[in-house]
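Colleague: Could you walk me through this one? I'd like to see it before we start.

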Amino acid sequence: MSDLSLSKPSRFAILANPTRFLELSGRLQPWLYGFAALLLAAGLVLGFLAPEDYQQGRTVRIMFIHVPFAWLAMMAWTVMSASALGTLVWRHPIADVSIKAAAPIGAAFTFLCLFTGSVWGRPMWGTWWVWDARLTSVFVLFIMYLGLIALSRAEEEPGRNARAAAVLVLVGFVNLPIIKFSVDWWNTLHQPASVLRADGPTLDPAFLWPLLVCAAGFTTLFFALHLNAMRTEILRRRVFALQRLAARRAEAA
Amino acid sequence: MQSDYFAFVAAAYGATAIVLLALFAWIRLDARAQRRALAALEARGLRRRSSGAPPAGEGQS
C-alpha cells in the first residue's frame with residue numbers, strides 16, 4: 001500500500017470537505033456577483049447602442065437575452081451532468097449538492113429562453129408558439145428540469161436521492177445534442193445556427209459583441225447563483241443533521 | 001409598425017428582470033433562514049463534532 005500521507009490531495013479532494021468548500025466559496029462569491037453585474041451592465045449598454053435590424057427593427061434586442069438563456073439552459077444541464085459523474089463515479093460528497101442547487105437555476109433560464117423566444121416569435125413569425133423540433137426539444141428540457149427538482153425534493157433526508165438524480169441527469173443529457181442539431185436534422189421554423197457553426201458566426205459585429213458580452217455576464221451570474229445555492233444547500237444539510245441529533249437526544253432523555 | 005414592437009421587447013426584458021431578481025432573492029432568503037436555524041440549534045447546545053467542544057457544563061451526547 002503506497003504511503004498516501006506524502007501525496008498532496010487533489011483540488012477536488014480538498015473541495016470534498018464541506019467546511020473547506022464553504023470557506024473558499026465564501027471568498028469567491030462576491031467577486032462572481034460583482035463581475036456578473038459589470039458584464040451585464042456593459043452588455044445592456046452595448047445592446048441598446050446596437051442599431052436596429054433592417055428587418056426586425058428593435059426586436060433584434062431580444063436576441064441579446066434569448067440566445068444566452070438558451071446557451072445557459074444547456075450549460076446548466078452540462079454542469080449537472082459533470083456533477084452526476086462526480087456522484088456516480090467518484091462519490092464526491094459535494095456533487096449531489098451541485099445538482100440540487102443547479103436545477104432551479106437552470107429551470108429559470110430555460111423558462112426565460114422559452115418566454116423571450118415566444119415574445120420574439122409573435123411579431124417576427126406571427127405566432128407565440130410552434131411545435132417544431134427546436135422549440136419542442138427545449139420545452140422537453142424544461143419539463144426534465146421540473147422533474148429533477150421534484151425528485152431531489154421528494155425525500156425528507158437531503159442526499160437520499162443522489163444516485164437517482166444523477167442517473168436522471170445523465171439520461172437527460174441526450175437531449176442536448178438533439179436541441180443543438182434539431183434545426184439541421186428537422187424542418188424547423190426556428191432558424192439555423194448563426195453563431196456556433198462550422199464556418200463561423202454570420203452575425204455582424206454590431207450584434208455579435210452585445211450578444212457575447214451578455215452571454216458572458218449571464219454565465220458568470222449563473223455560477224454566482226449556483227455557488228450561492230450550493231452553500232445554502234450545505235447549510236440545509238447541516239441543519240437537518242443537527243435537528244435529527246436533537247430529536248434523538250429528546251427521545252433518549 | 002416598428003413602434004408597436006416596443007411592448008414585446010419590454011415584456012422580454014421585464015420578465016427577465018423579474019425572474020432573475022426573484023431567483024436571487026429566493027436563494028439569499030433561503031441562506032438567511034438556514035443560518036438562523038443553525039444559530040438557533042447552536043444556542044440549544046447542539047454542535048457538529050468538528051465544530052469544537054461545547055461550553056463547559058454541557059452533557060456529552
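Modeller: Let's begin with Ile143(A), which has 44% relative accessibility and therefore counts as partly exposed (buried is under 20% relative accessible area, exposed over 50%, partly exposed in between, with a 1.4 Å probe and protein chains only). This is a predicted model, where local features need pLDDT of at least 70, side-chain atom pairs count only at pLDDT 80 or more, and totals for chains, interfaces and linings use all residues. Residues are numbered from 1 along each chain as its sequence is written, chains are lettered from A and ligands numbered from 1 in the order written, and side-chain values use heavy atoms, leaving out hydrogens and water.

Colleague: Which helix does Ile143(A) lie in?

Modeller: Helices here are DSSP runs (H or I, at least four residues), numbered from the N terminus. One such run in chain A covers residues 133–152, and Ile143(A) sits in it: helix H5.

Colleague: Is Arg91(A) buried or exposed?

Modeller: Arg91(A) belongs to the loop between helix H3 (63–88) and helix H4 (93–125) of chain A. Its relative accessible area is 65%, so Arg91(A) is exposed.

Colleague: How far apart in space are Arg91(A) and Met75(A), C-alpha to C-alpha?

Modeller: In sequence, Arg91(A) and Met75(A) are 16 residues apart. In space, their C-alpha atoms are separated by 22 Å.

Colleague: Which side chains meet in a salt bridge between chain B and chain A?

Modeller: A salt bridge needs a side-chain nitrogen of Lys or Arg within 4 Å of a carboxyl oxygen of Asp or Glu. Across this interface the rule finds 1. At 2.3 Å, N to O, the pair is Asp30(B) and Arg236(A).

Methods:
Helices (H or I, at least four residues) and strands (E, at least two) are DSSP runs, numbered from the N terminus.
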